[in-house]
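I opened this model to look up a few local features. My entries follow, one topic at a time.

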Amino acid sequence: MQVDHFGFKNDKHFNQRYLIADQHWKKEGGSILFYTGNEGDIIWFCNNTGFMWDVAEELKAMLVFAEHRYYGQSLPFGANSFKDSRHMNFLTSEQALADFAELIKHLKKTIPAAKNQPFIAVGGSYGGMLAAWFRMKYPHMVVGALAASAPIWQFEDMVPCGVFMEIVTADFRRSSPNCSKSIRKSWDAIHRLTRNSTGLNLVSEALHLCTSLKNSQDVQHLKDWIAETWVNLAMVDYPYESNFLQPLPAWPIKVVCQHFKNPNVSDTELLQNIFSALNVYYNYSGQAKCLNMSETSTSSLGSMGWSYQACTEIVMPFCTNGIDDMFEPHAWDLKDFSNDCYRQWGVKPRPTWITTMYGGKNISSHSNIIFSNGDLDPWSGGGVTKNITDTLVAINIAEGAHHLDLRANNAFDPMSVLLARSMEVRHMKKWIRDFYASLTKKH
């Protein structure tokens, strides 16, 4: 794959990984489901996208999973890919979409029967954004896209910056009002308990932290880590045991909230409850000796690359006020954010570019995109949850967390996700039918 699709000076190439499964593929009347890889190892995404495997036979489909540049093993400069902003410069959504287009061209050339078959883009989360954007920018490459849990409007001021954390809070409140109340109270409790070195040790021991807290900076890090844990739980609040970000029980928020039944307890008791709750997320397997603050999710996600993307074009404003949500108040400050990015990567973000590039809310000229969102998923706040046209359709999943519909069929799946999947397949079949009908017309 070319390192730079948009300039002519750099003619370097790199190896891009993709996976293919063709056991259900039919050369006559078949289709190709093309997973637009996102910020992580493609094998991990492949193993967590059971939906594609479940529908392959029905759609006579070949499955292709394309790895996103700078993630997994698709590193443009090998071990030097993250060395500095000069090497990182080719990590953009535009370059990634161009990779996908080149890969589809390559597949059509090397697999003759694929030449006259419809490709459908499928992705979840950032990959869902890529699937939608791919259909918008390369409509001649794919006949449609399934964009699951794709927050394409989580930019600039298209949605309020507080909506994400409000949904997280609503998920915990849903389990029990005292749950979100307890978490809201916990921040001050931690603050009060960590005023001196005795307190810092007490909290470190009570939470079984792998590294002890030494100063107020560490305490802030602790709070951020706990907050991120609650966010991740909201994302993976699945109806069955799962191992997406961490090994977890079914409906994990319900299990966490068992430890927050009474908000009116002493600070030390609340601390104990926080430890029990964190254990659900970090120690469900019972293997952990201590809790590690530098770890919130699986190592299969590429945090280096994502941090750079968030600092350049994927600039998503988040804020909290501590009233409509259960977190400490934190305003969105672009200047602060920009300075942090410059310190870390030597680059400044361009917060309006994504809207310029992909149209923001003004996308009605496009067609054949399904936007699916789960009501429990905090990312649904930045997603498309109402139909825009007859062919830009929204599917909402009442009991769904983050792209539940892309996961494999499960006996514990709620009715809402079974319905969503069957609607998605119905749309895809129509796209495939239309493709073959227009092919016959041409000939």
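I started with H403, which sits in the loop between β9 and α15 (415-442); helices (H or I, at least four residues) and strands (E, at least two) are DSSP runs, numbered from the N terminus. I note that this is a predicted model, where local features need pLDDT of at least 70, side-chain atom pairs count only at pLDDT 80 or more, and totals for chains, interfaces and linings use all residues. Residues are numbered from 1 along each chain as its sequence is written, and side-chain values use heavy atoms, with hydrogens and water left out.

The phi of H403 is near 30°, a positive value in a residue other than glycine. Is H403 buried or exposed? H403 counts as buried, at 8% relative accessibility. Buried means under 20% relative accessible area, exposed over 50%, and partly exposed in between (1.4 Å probe, protein chains only).

I then looked up H208. H208 has a positive phi of about 50° and is not a glycine either. I found H208 in the loop between α8 (197-206) and α9 (216-235). H208 is partly exposed, with a relative accessible area of 39%.

**Cavities**

How many cavities of 30 Å³ or more does the structure hold? I get two. For the terms, I work on a 1 Å grid over the protein atoms alone: a cavity is a set of points where a 1.4 Å probe fits but cannot get out, a pocket is an open set with protein on both sides within 12 Å along at least five of seven lines, and lining residues have an atom within 4 Å of a point. Grid points are joined across faces, edges and corners, and a volume is the space filled by probe spheres set on the points.

The largest cavity has a volume of about 50 Å³. H403 turns up again in its lining, with Y35, N38 and F244 also among the lining residues. By class I list four nonpolar, five polar and no charged residues there. Here Ala, Val, Leu, Ile, Met, Phe, Trp, Tyr, Cys and Pro count as nonpolar, Asp, Glu, Lys and Arg as charged, and the others, Gly among them, as polar.

The second largest cavity holds about 30 Å³ of space. Its lining is W133, M136, I152, I354, Y358, G360 and I363. I list six nonpolar, one polar and no charged.

**Strands**

Strand β9 (residues 392-397) is mostly covered, with five of its six residues buried. Strand β8 (residues 369-374) pairs with β9 in the parallel sense over six bridges; two strands pair if DSSP finds at least two bridges between them. F371 has A394 of β9 as its bridge partner.

In strand β5 (residues 144-148), five of the five residues are buried, so β5 is largely enclosed by the rest of the structure. G144, L146 and A148 point one way from β5, while A145 and A147 point the other way. Strand β4 (residues 119-124) pairs with β5 in the parallel sense over five bridges. A121 stands opposite A145.

**Domains and a pocket**

The chain is assigned domain 1 (18-153 + 361-441) and domain 2 (160-348); such bounds come from an automatic or database domain assignment. The contact takes 38 residues from domain 1 and 34 residues from domain 2, where contact means heavy atoms within 4.5 Å.

The second largest pocket has a volume of about 320 Å³. I noted E94, Y308, K348 and W353 among the lining residues.
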